[in-house]
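Please read the following briefing alongside the sequence and the model. It takes the sheets, the helix contacts and the chain contact in turn.

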Amino acid sequence: MTTIAANDTPADEQAGDIADINQYISFNVGKELYAVEITTVREIKGWIPTTSLPNSPDYMRGVINLRGVIVPVFDLRTRFRRGQTEPGKNHVVIIVKLDARTIGILVDAVSDILSISSEEILTVPDLDVNPEYRFMEGLVAVEEKMVAIIKPRLLFNMELVPDLEPETAAEVA
Amino acid sequence: MSDPMEQFKVIFFEECSELLTSLEEGLMLLQQGDQDSETMNAVFRAVHSIKGGAGAFGFDALVAFAHIQETLLDEMRSGTIVMKPEYIDVLLQAYDILSELVGAAQRQVAVDKNYGAEAALAMKAIMENKGVAVSEKKPESPDEESQDIDSHRFKISFKPFEELYQRANEPILLIRELRDLGEMEMTLDTSDMPNLEEMNAELAYFSWEFSLVTEFSEDAIEEVFEFVEGDCELTIEQENLVTPEKPVHTNDPADDNITDQAAVPAKSNSGETVVSQSIRVELDKVDRLVNMVGELVITQAMLREQGSQLLVEQYPNLVQGIEELSRHIRDLQESVMAIRAQPVKSVFSRMPRLVRELTASLGKKARLVMSGEETEVDKTVTERIGDPLMHMIRNSVDHGLESPEARLDAGKDEEGTIHLSAFHRGGRIFIEIEDDGAGINKQVVLNKAIENGLVPPDSSLSDEEINNLIFMPGFSTAESVTNVSGRGVGMDVVRKNIQSLGGRISISSNAGKGSKFTMSLPLTLAVMDGMVVEIGTEKFVLPLVNIIQTLRPTPQEVNSLPDGRNVMMFRDEYISLVPLYDVFDVKDATHDPCEGLVVVVEGDGGILMGFIVDDLVNQQQVVIKSLETNYELIEGVSGATILGNGRVSLIVDIATVQEMTAKKTQETETHLTQVPVSMEVH
């Protein structure tokens, strides 16, 4: 459906002919599929116990030693307010580079590497009901499944997004 | 770095920054009335060397300016121009322009042709008053590679008279300058040297013969000897350029017994073969070394942890080897850190000028006295104390010192004194800034704090608490906003900066007599000695320097206060017990100090506290890693480290834990005491 749908809507002629294709890494959190741009991903690590940091947000799982560098690990499930991940051997941490910072994102499992042209990326339905959408670059359908492309920069940048307070969500709604 | 010229340039600019520093230092000394001819010489040499190097790279604007400055300085050191205080201002102005020009050359930016013209004119005016003419430096670029194109050979004979030495000229400087013009061979003639008994230290005995191949004209050579004209016998002859290779002939410059004065020319000859006692290394290389040693410390901790599980009887050599390795790594680490250690002078030397400028713009009079400039501390520390220190000096001049009139009225010298000092104590470096100004006006500070809503109007604070208010965010007592301070950067930022370095700052003040700021900083930001403790399932590191003793109290020794705190008797005083498990929100930790342990630590202001922990793990050196690189600062934690098992462990920042505890106690106390009052509010 994806390719056909994209070709049927020649929204942007200039980008039309040579559609710029980007690669993404998709991963599961529960039943949901998310993806991040592959160029930001430095490595994928199996879960190792973290050292928790006091007085931090609940989605901050603590820090790990990545070859001598202290890297914070965030729980994507908790960030999306879907409870806490009980990490086991099969859970993975995606190490992502955000500007000068390196962070880890705890997810359930890595799913696939996707090549997606910019035309295939659909906008998030603009209902503006949930502030979580701000962290999404767009949606893409892959084999009948929806994958949300997320921007970790917005999700885990402490200065930009202090916390995803339940009040904020209510306010916007 | 493929271009060798680029490499030389890098070295040149490194040297320039050192030379500029020593130039500034020298000028400051002169300003304070230093009469030492060596100071003047140092100032001259700095400008001279910058000019020399700049010439080699063809930085014409820099050369032209430095040339005028050099000429003036040379006249000053020879005594033709008698130093006057106003000349210093001209020289300082020239210094600014020189450093700008160096900066412009480094950044490869073109400078306006007239840049610095004013300063140049001022310098020329000084010289013209004394009838000294400034030769215009020709904008030739002494490109050494092209010297074959149009070279001449000159035969130069140079015999200095004793006057030359008396005027504090040094042949070696002339010879070096000559050498810079092209390829040179020289012969030292010591035939006039008398026997040792007859030798007079005041007389000149040496003469030189030079053979110089250069593309420069005879004028350029004359210019080298311009300042010693009349003080020497000088002949310059042009020869045909047939170059038979003559070996450099240097006569052994006589006895070592000759006195200093006579040794000057001798040194100039042997100077080239003297092996330097230091080498220049790129900082990157040292940093890499420090990082590697850091990793080594971690690996060693891991080995030691593994080794501790081995039976000594079974593997005696292995266990002993690990022990030795630990010792060697520790020595290695100390030696490597020593490479990067730097005297605080590099930071202090910027301050006299700051004070000078501040006093000028504020209409105050102040003198900066510095001591302990040679105190060494890791470069990572010196790099980051500059700004806070500058701000504190500003604060002292602006808020600390009174106007000259007010000082006279108070019966003080109209010139205020700021004393900046550094010293080592207990594995830390202390920097003190003391002024003899008005001290902190506690009432003004308190009123201001109340006005800004920092403290409730009816609060009664101790003197120390009032003093510490100036470190609160949003606090400034500057009644009028000057362009010096009051730009929104307050002492709170200073304190934050210092704290982020693992440092502390405190203040003591005596109304009418002055105030004193004391900073204490770690000697390095790379490693420290720590005590690993266990709290619940987590391990934390306590800085060893703060630990006084570890003990397990009996239930009788622990008492609780109405504000919720527990106290314990320690060395005849009650100290409060700090539940670290609570501060760091650790679950499954031992709460009862009588079941766990109490680590008695010394906090800010020498206050003792008892940290409740589950157990001690071991004492070890830890490598300090920043949490901020990839995350953010955590309250109560100064950084993190990696333990032998590869896990990250947090380093406890004792002073902030103390602050957090104090704040919490105060909240409880306020709650207890103010319940009836706040009833109306609710």
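**A hairpin and its sheet in chain A**

In β5(A), Val69(A) is the bridge partner of Leu66(A). This is a predicted model, in which local features need pLDDT of at least 70 and side-chain atom pairs count only at pLDDT 80 or more, while totals for chains, interfaces and linings use all residues. Residues are numbered from 1 along each chain as its sequence is written, and chains are lettered from A and ligands numbered from 1 in the order in which they are written. Helices (H or I, at least four residues) and strands (E, at least two) are DSSP runs, numbered from the N terminus, and two strands pair if DSSP finds at least two bridges between them.

- β4(A) and β5(A) run antiparallel and are joined by six bridges; they form a hairpin with two residues between them, and in the turn Arg67(A) has a positive phi of about 45 degrees.
- β5(A) is also joined to β7(A), by three bridges and in the parallel sense, with Asp75(A) standing opposite Leu106(A) in β7(A).
- Six of the seven residues of β5(A) are buried, which leaves the strand mostly covered; a residue is buried if 20 or more other C-beta atoms, placed from the backbone, lie within 10 Å of its own, exposed if 12 or fewer, and partly exposed in between.
- The open sheet of chain A has five strands in the order β3-β6-β7-β5-β4, and its pairing is mixed.
- At the edges of this sheet stand β3 (41-46) and β4 of chain A, each with a single partner strand, so one side of each has no neighbour in the sheet.
- From one strand to the next, the twist of this sheet averages 30 degrees.

**A sheet in chain B**

- Chain B has an open sheet of four strands in the order β2-β3-β1-β4, with antiparallel pairing.
- Its edges are β2 (182-189) and β4 (232-239) of chain B, and each has a single partner strand, so one side of each is left without a neighbour in the sheet.
- On average, and with direction ignored, neighbouring strands of this sheet are turned by 15 degrees against each other.
- Within chain B, strand β1 (residues 152-160) and strand β3 (residues 207-214) pair over seven bridges in the antiparallel sense, and Arg153(B) stands opposite Val213(B) in β3(B).

**Helix contacts in chain B**

- Helix α3 (residues 60-78) and helix α5 (residues 117-129) of chain B have axes that come within 10 Å and cross at roughly 30 degrees, where axes are lines fitted to C-alpha atoms, for helices over the stretch in contact, and angles run from 0 to 180 degrees between N-to-C directions.
- α3(B) and α5(B) are therefore roughly parallel to each other (angles under 35 degrees count as roughly parallel, over 145 as roughly antiparallel, 65 to 115 as roughly perpendicular and the rest as oblique).
- The crossing of α3(B) and α5(B) is left-handed, a term used if the near helix is turned anticlockwise from the far one by less than a right angle, with right-handed used if clockwise.
- Residues of α3(B), among them Phe65(B), Ile68(B) and Leu72(B), meet residues of α5(B) that include Ala120(B), Met123(B) and Met127(B), with two residues in contact if their C-beta atoms, placed from the backbone, lie within 7 Å.
- The residues of this contact divide into seven nonpolar, two polar and two charged, where Ala, Val, Leu, Ile, Met, Phe, Trp, Tyr, Cys and Pro count as nonpolar, Asp, Glu, Lys and Arg as charged, and the others, Gly among them, as polar.
- Helix α10 (residues 283-307) and helix α11 (residues 316-340) of chain B have axes that come within 10 Å and cross at roughly 160 degrees, which makes α10(B) roughly antiparallel to α11(B).
- α10(B) passes α11(B) in a left-handed crossing, and their contact has 15 nonpolar, four polar and two charged residues.

**Contact between the chains**

- In chain A, 15 residues are in contact with 20 residues of chain B.
- β4 (60-66), β5 (69-75) and β7 (101-107) of chain A are the elements that give two or more residues to the side of chain A that touches chain B.
- That side of chain A has nine nonpolar, five polar and one charged residues.

**Positive phi in two loops**

- Arg81(A), in the loop between α3 (76-79) and β6 (92-98) of chain A, has a positive phi of about 55 degrees although it is not a glycine.
- Arg81(A) counts as exposed because it has 12 C-beta neighbours inside 10 Å.
- Asp588(B) lies in the loop between α19 (580-583) and β18 (597-602) of chain B, and it has a positive phi of about 55 degrees although it is not a glycine.
- With 10 other C-beta atoms within 10 Å, Asp588(B) is exposed.
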